[in-house]
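Subject: Structure handover

Hello,

Here is the structure I said I would pass on. Please open it next to this email, and then read my notes below.

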Amino acid sequence: MNEFGFRLRFHGLWFGRAGDPPLDPGWPVAALGEGGVSFHSLGRLPEELDALTGLPLVIDGRPVPRSFVVANCSDPAHAYEVHPKGLIGPSAQAWHDLANAWEVGKQDGVDDETLYRRLNAVAQCHGAKPSRNLLHCVLGGRSDGSVLCAAITGALTGIASTLAALGVEQAIVLDNGGSVGWYYCPEAGATPVVVVAGPNHRPTGTAFIEFDLGSFPQPVSHPVLADHL
């Protein structure tokens, strides 16, 4: 809930960052119900379902452009190789200046393209490059109703293009700047074990979405991944 645009509806109540503006009704939303996970546009979300939003990567089969990613990521590490403590990129100041420029732009109510140009100018001043190496947690839905859960390292625009090439119609990012981990629980009541986790993963602050897979997870590597990431 620390990221802009990340909301949770639970038993009819919405939770999210205080003061954030309403989300676009066309944004894809992951609905969570007894029938599993399904995707809907926010404006057509059934009232009875719990739901989770995140940064959209694919909307109606189309990958989002970089300007959308930059303008809708409150953590600049999603879009640029920067770190608040200077562990990645040119300096800690680069992260803070980009974060401040994003916040000011949102307060000014500028459109995505204008905010994109503003942040690019700040990034160029610091020599900050586009982000390429964060591990991201992605949830997507195909037209046949199947759900794709993925841990993918790369630029968000590249990941979006890959998902669209795999036939994903709607997809959202679930993590905040790489704070992502996947767990596997072999049986009810057992202690979950980490399958993969990013360097910013914080187990004590983890919120879980649980899927019943029916068996041990079978990782799939599609040939198209090598062409896009």
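Which residue in β10 is the bridge partner of Leu139? It is Ile172. Keep in mind that this is a predicted model.

First, the overall picture. The chain has 229 residues, and buried residues make up 41% of them. Its secondary structure comes to five helices and twelve strands. Take the contacts between residues at least 6 apart in sequence: 57% of them join residues at least 24 apart. The accessible surface is about 12,400 Å². Carbon and sulfur atoms account for 53% of that surface.

Five strands make up an open sheet, ordered β7-β6-β10-β8-β9, with antiparallel pairing. Strands β8 (residues 135-142) and β10 (residues 168-173) run antiparallel and are joined by five bridges.

Look at β6 next. Five of its five residues are buried, so β6 is largely enclosed by the rest of the structure. Three bridges tie β6 to β10, again antiparallel. Two bridges tie β6 to β7, also antiparallel. Val58 stands opposite Ala171 in β10, and its bridge partner in β7 is Pro63. The hairpin of β6 and β7 has two residues between the strands. In that hairpin, Asp60 takes a positive phi near 55°.

Back to the helix. Which residues of α4 are buried? They are Leu156, Gly158, Ile159, Ala160, Thr162 and Leu163. An α-helix has 3.6 residues a turn, so residues three or four places apart point the same way. After α4 comes Gly167, with a positive phi near 85°.

Is Ala155 buried or partly exposed? It is partly exposed, because its relative accessible area is 24% and buried means under 20%. Leaving aside neighbours within four places in sequence, Ala155 is in contact with Ser131 and Arg132. Ala155 and Arg132 are 23 residues apart along the chain, yet their C-alpha atoms are separated by 4.4 Å.

There is another five-stranded sheet to see. This open sheet has the order β2-β1-β5-β3-β4, and the pairing is antiparallel. Strands β2 (13-15) and β4 (36-41) stand at the edges with a single partner each, so one side of each has no neighbour in the sheet. Neighbouring strands here are turned by 30° against each other on average, direction ignored.

Finish at β1 and β2. Three bridges join these two antiparallel strands. Phe10 lies in β1 (residues 8-10), and its bridge partner in β2 is Leu13. Phe10 counts as partly exposed, because its relative accessibility is 44%. Phe10, Leu13 and Phe15 form a nonpolar patch on the surface. Together they have about 310 Å² of accessible area.

Over to you.

Best wishes

Terms used: Residues numbered from 1 in each chain as written. Predicted model: local features only at pLDDT ≥ 70, side-chain atom pairs only at ≥ 80, totals over all residues. Heavy atoms only, no water. Pairing = 2+ DSSP bridges. Helix = DSSP H or I, 4+ residues; strand = E, 2+ residues; numbered from the N terminus. Patch = residues over 30% accessible without salt bridge, like charges linked within 9 Å, V, L, I, M, F, W, Y side chains within 5 Å. Areas by Shrake-Rupley, 256 points an atom, 1.4 Å probe, with all protein chains shown as cover. Salt bridge = Lys/Arg side-chain N within 4 Å of Asp/Glu carboxyl O. Buried < 20%, exposed > 50% of the residue type's maximum accessible area, 1.4 Å probe, protein only. Contact = heavy atoms within 4.5 Å. Axes fitted to C-alpha atoms, helices over the stretch in contact; angles between N-to-C directions.
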